[in-house]
Amino acid sequence: MSLVELDRIRKVYGAKVAVEGLSLSIEPGTMFGLLGPNGSGKSSSIRMMIGITRPDSGSVRLFGKPFERAALPRIGYLPEERGLYKKMKVLDQLVFLGQLHGLEAATAAKRAPAWCERLQISEAIGKKTEELSKGMQQKIQFIAALLHEPELIIMDEPFSGLDPVNAALLMDTLLDQRKQGRAILFSTHRMDQVEKFCDSIAIIYQGKLVLEGAMREIKSRYPANRALVHFSGDATFLEHPAIARFKTFAGGAEIVLADASDPQLILHQAVARGTRITRFEIMEPTLEEIFIETVGENVAA
Amino acid sequence: MLPHSLNNVWLIARREYLERVRTKAFLIATVLIPVLLGGLVFGGGYMAQRTKSSAHIAILSYDPAFAGDLKRELEGGKDSDMQVDLEPLDDATRARLNAEIKDTTKHFAGYLQVLPPAGGSVRPRFIYTARSASDIGTDTALKVSIKTVLTRERLSGRGLGASEIEALLAPVEIENPETGDTTAAFFAAYVFFILMYMVIMLYGMNTARSIIEEKSSRIFEVLLSTIKPDEMLAGKILGVGAVGLTQVGVWMLAALILGVNFAGAITGTGGHAIVSATQIAFFIAYFIFGFLLYSSIAAALGAMTNSEQELQQLNMFLVIPLVFCMFMLLTIIKSPDSALSRFVSLIPFCSPLLMNFRISIGAPQPWEIWLSFILMSLTILAILWVSSRIYRVGILMYGKKPNLPEILRWLKYS
């Protein structure tokens, strides 16, 4: 059973088509990356998924049934536009939000401090929101999305504005949730952030789906035609018919190979010219590169 | 366990209520507003009493007896507390007094010349030379006192005794054994009007503000992931309204406790309470409806705007009907049951204030009262329907102020 199934949903705001014929499904126990540049329709899609807006056409199914509001407390949502009540104490706030998701006040009050401790913000629990740093507020909202132990967790740009240490802390928490069998929908424009963790992805661009599928499967569709070289000395070996294009940086170069050429040839030429190679690595294209390649094709077509 | 949606409304309303009641602002407003209002009412009354004219003038009269009577009236009369010198009526005195008027170191307001009647009139001629043309208080006091003295003189000329004259000139008092003191009852109705006006104004705006707060803190998106915009609006209006009711409740209770002591002093005997239980019941009913009505307008305004500043520009939609009621109040005071009064008091935006006022001072038919409640209910539902649409679409289209065609289009979205 898919937790979320979107079938050709479409949303138009005035003259602007926000989402056009988007279909995707999210399976339990997976981390799903909804990717795309800013303004590509990620947030609009999520809003339709959880009934904040209704699609103009197409259908939304949650937990195997047609959309119904009764299913919403089974979802935890961290919106991109964040906000908390400024004057309200953190604990009261978490309890209130927990109650709105169907938790008993007592249960929420018991879980909230445990979560704060886990995310290393225990000192915040008795304070008002306006007294907290931005990062802390973001963690509070993160907790609010997870407090009621939802089966589906939706995170819209969860790490924006967080330092790497805290981003890693939240990512670990999310991975932990996945281990417990929950599904996570992770929406971001930072494709490099999710590459390592997502089981499946959907990339949307200008409201349309451009790429969808299991991460492994997508990557395997694109040949490992990148090479990273660190070297010192003569750089003329880069002028080689096997190299389609390259970018140099201090002490190295990123190479895109010409179709069906053997990288060994390049290595061979470098050695022949006396260049010292300290690193030579064949790489898969990154998601970002795949995205640019796909969108580039689309724009051309 | 409540049904899901009612439970949501309850949660929102309770949060709104508790967060507001706990603030210092609420405490301060609860204590300070009645103090200020009381200060205004009683202070104003006191000041009005103190503004009896106390000018220093001189009277130059051809008739010393008349001058003496007028001096007595001006110095010890009901409306004035002047200092009066009697001077001879001649050119030397006039010149001296003219000089004195120009001398700003002295508190001399002017002089009154009483000249013999001329041109067949029976009245003497009066010429008042004043330092300031705008000294209305002294002017009025002179007119009133002269008239009293003249009347008294004429009456005594017809052979009436002094005590008979005083009895004739005494103010008329109408006894009203059925309803008690009308002035006090009118005053009470007026206080109700002002109270309702203020609270609606204050808490209507609070509803709008609380919606904007949610929008500017952007927390609504999390809330909307489990609850519906209508539930959120309903919860907010009820929560903020309950705060208003609490505040008015505190005031009424305080007034009741103080009133037990006061009422006796104001009404004297007779045992008629100034404020009847019916009045209070209608006040509460109309307050609740009026509040819901104006809050739903405010909610629509809040839903349309993104900041306090934008709200300020739109709050005339809230103020204009209220100000219209203020104007209409005058019509109703004059003739509470005229066709115009009956018509305006049925307009849903005015009923809470005007029908309630008419119940206190006039005699509206029971069907009018029922009709006013029915019309208000329908209006509230219509406005809520519209504002929840505006809200739902408006919050998701932030950043840009909507124009009218856009708002109309929003109404079509669901």
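Here are a few questions and answers about this predicted model.

Local features in it need pLDDT of at least 70 and side-chain atom pairs count only at pLDDT 80 or more, while totals for chains, interfaces and linings use all residues. Residues are numbered from 1 along each chain as its sequence is written, with chains lettered from A and ligands numbered from 1 in the order in which they are written.

User: Which element gives the largest share of the side of chain A that touches chain B?

Analyst: Happy to look! Contact means C-beta atoms, placed from the backbone, within 7 Å, and 24 residues of chain A are in contact with 17 residues of chain B. Strand S6 (75–78) and helix H2 (90–100) of chain A each give two or more residues; helices (H or I, at least four residues) and strands (E, at least two) are DSSP runs, numbered from the N terminus. The largest share, 4 residues, comes from H2(A).

User: Is H4(A) largely enclosed or exposed, and how many of its residues are buried?

Analyst: Buried means that 20 or more other C-beta atoms, placed from the backbone, lie within 10 Å of a residue's own. The buried residues of H4(A) include A:Phe142 and A:Leu146, and their cover includes H3 (105–118) of chain A and H8 (220–224) of chain B. H4(A) is largely enclosed by the rest of the structure, because its buried residues number 11 of the 13.

User: What percentage of chain B counts as buried?

Analyst: Chain B has 16 helices and 4 strands. Of its 414 residues, the share that counts as buried is 34%.

Definitions and conventions:
Two residues are in contact if their C-beta atoms, placed from the backbone, lie within 7 Å. A residue is buried if 20 or more other C-beta atoms lie within 10 Å of its own, exposed if 12 or fewer, and partly exposed in between; C-beta atoms are placed from the backbone.
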